[in-house]
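Hi everyone, thanks for coming. Let me put today's protein on the screen, and then I'll walk you through it.

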Amino acid sequence: MLRLTDIKLPLDHAEQALPAAIRAKLHVGAQAIRSYSVFRRGHDARKRGAIQLIYTLDVDVADEAKLLQRFADDPHVRPTPDTNYRFVTQAPEKLAHRPVVIGLGPCGLFAGLLLAQMGFRPIILERGKAVRERTKDTWDLWRKRNLHPESNVQFGEGGAGTFSDGKLYSQISDPHHYGRKVLTEFVKAGAPEEIIYVSKPHIGTFRLVTMVENMRSTIESLGGEIRFEQRADDLLIETDAQGTRHIRGVALASGEQLRTDHVVLALGHSARDTFEMLHKRGVYLEAKPFSIGFRVEHPQSIIDRARFGPQAGHPLLGAADYKLVHHCRNGRSVYSFCMCPGGTVVAATSEPGRVVTNGMSQYSRNERNANAAIVVGIEPSDFTPYDGSGSPLAGIALQRFWESRAFELGGGTYEAPGQLVGDFLAGQASTVFGDVMPSYKPGVHLTDLATALPDYAIEAIREAMPAFDRKIKGFGRPDAIFTGVETRTSSPVRVRRDDDCQSLNTRGLFPAGEGAGYAGGILSAGVDGIRVAEAVALSIAGAYQAA
Ligand code: FAD
């Protein structure tokens, strides 16, 4: 099979244009091409009005060796790499103890699935509820202002990405093609097949709910066990004669203890109580940079027009996204994050008396507004005022401070504090909405956001907005709306691990995914789940071979 890259065709090309482009590229006749498939389809929108589709194609040709020789100097004609996933090992006949996975977000889901597929029958603990019940609890906050601290946007089956835009791309390096395994399993679980080949796939919230349920059934059918509403509250750690610490089990909030030598920690970034427990138990943690800011909402139509010009609305292009960055005079960088085309802003707190924003959308991405976080990068040195002890958990103290402040500025009813962009730039409180209506539920309380974040962050966002307006006309329109605060952009801690994916100072503990600082987003969390499942499997298999 040959892989042809960078095949460019106009947006509205006929179906026959693809085989014609292959023949033209390879200088062969129709009889030389047995079949072809689309590996990737992206678009180049740099020339608005002349947007092109860019294909990567896998082509089965009659005389592959000869063609490869003929195109030896052409980087766009190469043998198709083998991207099939192969298991690293299989479970031994008898397992002394089953591995335990804590957390059923994308990382825990893939760690659990892979361990189950290799025969290790994992036990997966999830503090939140199964996804349908969790959906009801989440909507209870959005509709009726009732927060369920153990069942919300952050906690429950499917993890943080369940109520999301379901973007499934990442910039991680992936030499083993684990990302393809993630996408393939998602398709088996009900995702549209196009996620395998479009360059920026997304699935939206409703489909994710069903997919997560289907993956749960697969894990269970392979002997895995999934326990909801079972929070891991403690780790049982034993120190051997050489002073090495080993995991020996997990204690649950119910008081039950599970004996195991292998624990995958797939906690996500919001399990603050569990991070505190890890710190207390002496597991090596460190503070990690993350970002804070606001969500901004604009009419989706201005983003579509700015990006796609006259071709805005074309079904192959969908709702347009954007990615912006500005380096400020005060040394900070401001950038757009987790952009949700045609979506809504959602209440994403997991703690009472706090307000946090995030974004989601449905597969159709056809809501009125585009939203994205506009965030400022912060470093552990910025955390000191909030927890002078220099604790690795100081970033959490910072998050809590500003989330509580947002609750207060929003009126203390889980409404998000909001301000029109024009008023924010002019330094005056907002009192009335313009044409852009915010989508955040249960509501937005207009106010002055100048005291909703540290001064350096406010200053940086004020400088960045006019710069962003120069890149996307209308981005700085006075009636665009900020809501806040956006504090859960990534984990504030890293639970460091070694090359074999085990904690630096606790053997048998496998920190994984976003909460441990090894992923950011659904796809990369799934990829990390696979990587860690392989490490657990090899560790168990190795232990058996050695015994
Ligand atoms: P999580 O998904 O956070 O899962 C961790 C799980 O562990 C949770 O279910 C939690 O309940 C459980 N848990 C925690 N502590 C314990 C404990 N002590 N015992 C038992 N269980 C525990 N990413 C994208 O790539 N694309 C998007 O479009 C996107 N949109 C998003 C929209 C929203 C509203 C949010 C909140 C996030 C979004 N993200 C998106 C980010 C993405 O969801 C995360 O990067 C991803 O879910 C991280 O996966 P994870 O498995 O590492 O952690």
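What you see is a predicted model, where local features need pLDDT of at least 70, side-chain atom pairs count only at pLDDT 80 or more, and totals for chains, interfaces and linings use all residues. Residues are numbered from 1 along each chain as its sequence is written. Helices (H or I, at least four residues) and strands (E, at least two) are DSSP runs, numbered from the N terminus.

A helix to begin with. After H5 comes Gly-190, with a positive phi near 120°.

Now the overall layout. The domain assignment, with bounds from an automatic or database source, gives domain 1 (2–79), domain 2 (100–286 + 493–546) and domain 3 (289–486). Between the C-alpha centres of domain 1 and domain 3 there are 41 Å. Their contact takes six residues from domain 1 and eight residues from domain 3, where contact means C-beta atoms, placed from the backbone, within 7 Å. On the domain 1 side, three of the residues are nonpolar, two polar and one charged. For those classes, Ala, Val, Leu, Ile, Met, Phe, Trp, Tyr, Cys and Pro count as nonpolar, Asp, Glu, Lys and Arg as charged, and the others, Gly among them, as polar.

UniProt, in an unreviewed entry, lists residues 289–489 as "domain: FAD-dependent protein C-terminal"; such annotations may be inferred rather than shown by experiment, and positions follow the numbering used here, with feature names shortened. That span is 24% helix and 26% strand, and its end C-alpha atoms lie 10 Å apart.

Over to the ligand. How many residues surround it? There are 44, and the closest are Gly-103, Gly-105, Gly-159, Gly-268 and Gly-513; a residue counts as near if its C-beta atom, placed from the backbone, lies within 6 Å. The shell has 21 nonpolar, 17 polar and six charged residues. Domain 2 and domain 3 each give at least three residues to this shell. Helix H3 (106–117), strand S17 (357–360) and helix H12 (522–546) each supply at least two.

Pro-106 lies in helix H3. Why is Pro-106 called buried? Because 33 other C-beta atoms lie within 10 Å. Leaving out residues up to four places away in sequence, Pro-106 touches Gly-159, Gly-161, Ile-522, Ala-525, Gly-526 and Gly-529.

Next, the inside. In soluble globular proteins, nonpolar side chains tend to be buried together. A nonpolar core here is a set of buried Ala, Val, Leu, Ile, Met, Phe, Trp, Tyr and Cys residues joined through C-beta atoms within 7 Å. The largest one has 125 residues, and Ile-102, Ala-111, Val-263, Val-264, Leu-265, Phe-510 and Ala-512 have the most contacts inside it. H12 contributes the largest share of this core, eleven residues. Apart from it lies another core, of nine residues, including Leu-4 and Tyr-55.

One last stop: Val-485, in strand S21 (residues 481–486). Val-485 counts as buried because it has 31 C-beta neighbours inside 10 Å. Beyond four places in sequence, the residues Val-485 touches include Ile-292, Phe-294, Trp-402 and Leu-453.

Definitions and conventions. Two residues are in contact if their C-beta atoms, placed from the backbone, lie within 7 Å. A residue is buried if 20 or more other C-beta atoms lie within 10 Å of its own, exposed if 12 or fewer, and partly exposed in between; C-beta atoms are placed from the backbone.
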